[in-house]
Amino acid sequence: MTRFFADVHRLADKGWKKKSEENFHVYTVDGLDFSIALRVTDIPAKAGDELYVDVTPVELTDDFIELLRRGVRVYRLRRLDKLPNYRNGVKSARNDVLAMMSMDTTMFKEVSADFLEMSRLASEYRGVSLSLKQAIQRRTNSGKQKFKDYTKDINRLKSQKNKLARKIISLAKQKHSYFNYLTRVLGIDTRDSLYGRAALAILLNYVDFSRGLRKILVYVGNYYPHHGRYNKIVKEAAQSLAMSVFKKRHKPRGKEIRQVLKTIRRALMAGEA
């Protein structure tokens, strides 16, 4: 078994005219000899090998899934903000790789194809949700002439959001046998709680509920000070879920979000799911 460490560049496969090493995926196995790859799949890891990376961008989901199908085990850094603490010298692809090599393996999380696919869906879902919110705001500020046009946009975006929500829920049910149990515990197993169930699915994809409650709250941006260490997608999912649980149309209070997260953690820790 060989361990590869790589600094992943989100746009490495783009055809720029002038590309330096920093614009590629930079990898090594020993910290002495470094190589570059245009695609993640060009890294010569074979079945049984391990690949440790800083990030798994949603744009490269298919490439990482291809690596997993090859039998390569992929590990992603749990907290990117910890990387500078281990970096020796200025920020560069090579120094970031060396920093990862000096970290304990417990600071990385093994990723699965389901995790990667759910992350891609969650990112797309968040983008459509933001576009829908902006369209509603534009319609509110518009005159009568453009009201119908904005209404068409809103209906189209709502349809997209609903389809994505159902895909997210379907994938969560395949991955988590206890998903339906949690929806009943939270009271979101009704037809009008589609977005709440999608939010729960996203939370289960990112949050390790076996960890301490304080760490969970920091990760979702619900514990202060969090120093910007929270995940935006997870924070919005936690807010959306709390809105669904408490039947609210406006942003829930921090206390309500904490109550929902405690309920999920308690149900999972009880081993009843």
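The axes of helix 5 and helix 7 come within 8 Å and cross at roughly 50°, the axes being lines fitted to C-alpha atoms over the stretch in contact, with angles running from 0 to 180 degrees between N-to-C directions. This is a predicted model, in which local features need pLDDT of at least 70 and side-chain atom pairs count only at pLDDT 80 or more, while totals for chains, interfaces and linings use all residues. Residues are numbered from 1 along each chain as its sequence is written, and side-chain values use heavy atoms, with hydrogens and water left out.

**Helix 5 and helix 7**
- Helix 5 and helix 7 are therefore oblique to each other (angles under 35 degrees count as roughly parallel, over 145 as roughly antiparallel, 65 to 115 as roughly perpendicular and the rest as oblique).

**Helix 4 and helix 9**
- Helix 4 (residues 113-141) packs with helix 9 (residues 232-245) at an angle of about 65°, their axes lying 11 Å apart, and the two are therefore roughly perpendicular.
- Ala122, Ser123 and Arg126 in helix 4 meet Lys232, Ile233 and Glu236 in helix 9, a contact of 2 nonpolar, 1 polar and 3 charged residues.

Key
Helix = DSSP H or I, 4+ residues; strand = E, 2+ residues; numbered from the N terminus. Contact = heavy atoms within 4.5 Å. Nonpolar A, V, L, I, M, F, W, Y, C, P; charged D, E, K, R; others polar.
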